[in-house]
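Reader: I am new to structures like this one. Could you walk me through how to read it?

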Amino acid sequence: MARRLEGKVAVVTGGSRGIGSAICRELAAEGAFVYVNYASSPDAAQAVLDVIRGSGGDGALLQFDVSDREAVSKALGGVLDERGTVHVLVNNAGITRDTLLARMKEEDWDRVLDVNLKGVFNCTQAVLRAMMKARWGRIINIGSVVGAMGNAGQANYAAAKAGLAGFAKSLAREVAPRGITVNVVAPGFIETDMTKVLPDKIKEQLLGQIPVGRMGTAEEVAAAVSFLASDSASYITGHVLHVNGGLLCE
Ligand code: NAD
């Protein structure tokens, strides 16, 4: 079967582990040249690239902190100089700083918004002109079920993730005539480092609310991203695709 992303250039932020690393591997398996972005763990990012190359794919490492506008612009500018465009941008980098709002420090609010929301603005703006010129593009933001449901202790994270949906719906309208789609993939509870820290009691409670009866895998999220990145999804834009085992049905 023909690979869906043959000849395409993809950038995945926060690609060195968890959902991001699964997305890198999946896009590379579909034929994309994948830039594995990392902020501070070159060894983990290199390990992802080694797996990609070991499976016959290709890519490169790209260091920047998504919240550092200048660094983003420099690194992605370098990619554009080399490759002409970025066909697929996956805004996956994300962090949590959970606490009840009454106790939330301003820095916890600011850091989560800076990485999870402003980071998406930074990365998207850095590639948008080139994408528009190329008249083909896919921008896929990794949101969260929490952006749609809310979650006690995550007002900062939920606000940022809900913001990604508003961002995607607005930008989708701006760039649709240029062949660019903008969507959100909103995972539910997925087995990664981010959820490893949840206490067992909370995990059990959560599992009770998931009709499929288990946590999701990073690969199940990556499959949705790969579909939205493909030509098959050319008529889907401004959409939030939930991958949550039925935890929230919208
Ligand atoms: P993770 O913590 O394992 O991975 C997050 C990645 O983002 C890491 O590689 C990290 O280094 C990177 N990152 C963090 N800050 C960065 C920055 N400033 N610049 C560049 N990279 C940065 O988490 P994950 O579970 O793989 O999460 C990936 C995405 O999926 C996040 O956006 C997260 O909010 C979202 N998500 C996760 C779940 C889940 O259950 N795991 C659920 C819903 C949404």
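Author: Let us start at the ligand: one of its oxygen atoms has a backbone N or O atom of Asn92 2.7 Å away. A polar contact is a pair of N or O atoms within 3.5 Å; within protein, one must be able to donate a hydrogen and the other to accept it, and residues adjacent in sequence count only if both atoms are side-chain atoms. Keep in mind that this is a predicted model, where local features need pLDDT of at least 70, side-chain atom pairs count only at pLDDT 80 or more, and totals for chains, interfaces and linings use all residues. Residues are numbered from 1 along each chain as its sequence is written, and side-chain values use heavy atoms, with hydrogens and water left out.

Reader: How far from an oxygen atom of the ligand is a polar side-chain atom of Tyr157?

Author: The distance is 2.5 Å. For Arg17, a side-chain N or O atom is 2.8 Å from a ligand oxygen. Of the 830 Å² of accessible area that the ligand has on its own, the protein covers 95% (Shrake-Rupley method, 1.4 Å probe).

Reader: How many residues surround the ligand?

Author: A residue is near a molecule if one of its heavy atoms lies within 4 Å of it. Here 29 residues surround the ligand, and Asp65 and Thr192 are among the closest. The shell divides into 13 nonpolar, eleven polar and five charged residues. In that scheme Ala, Val, Leu, Ile, Met, Phe, Trp, Tyr, Cys and Pro count as nonpolar, Asp, Glu, Lys and Arg as charged, and the others, Gly among them, as polar.

Reader: Which helix supplies the largest share of the shell?

Author: Helices are DSSP runs (H or I, at least four residues), numbered from the N terminus, and strands are runs of E, at least two. Helix 7 gives the largest share, three residues.

Reader: At what angle do helix 3 and helix 4 pack?

Author: Axes are lines fitted to C-alpha atoms, for helices over the stretch in contact, and angles run from 0 to 180 degrees between N-to-C directions. Helix 3 (residues 69–83) and helix 4 pack at about 30 degrees, with axes 9 Å apart. Angles under 35 degrees count as roughly parallel, so helix 3 and helix 4 are roughly parallel to each other.

Reader: Where is Arg135?

Author: Most residues other than glycine have a negative phi. Arg135 has a positive phi, near 60 degrees, and sits in the loop between helix 4 and strand 5 (137–142).

Notes. Parallel < 35°, antiparallel > 145°, perpendicular 65-115°, else oblique.
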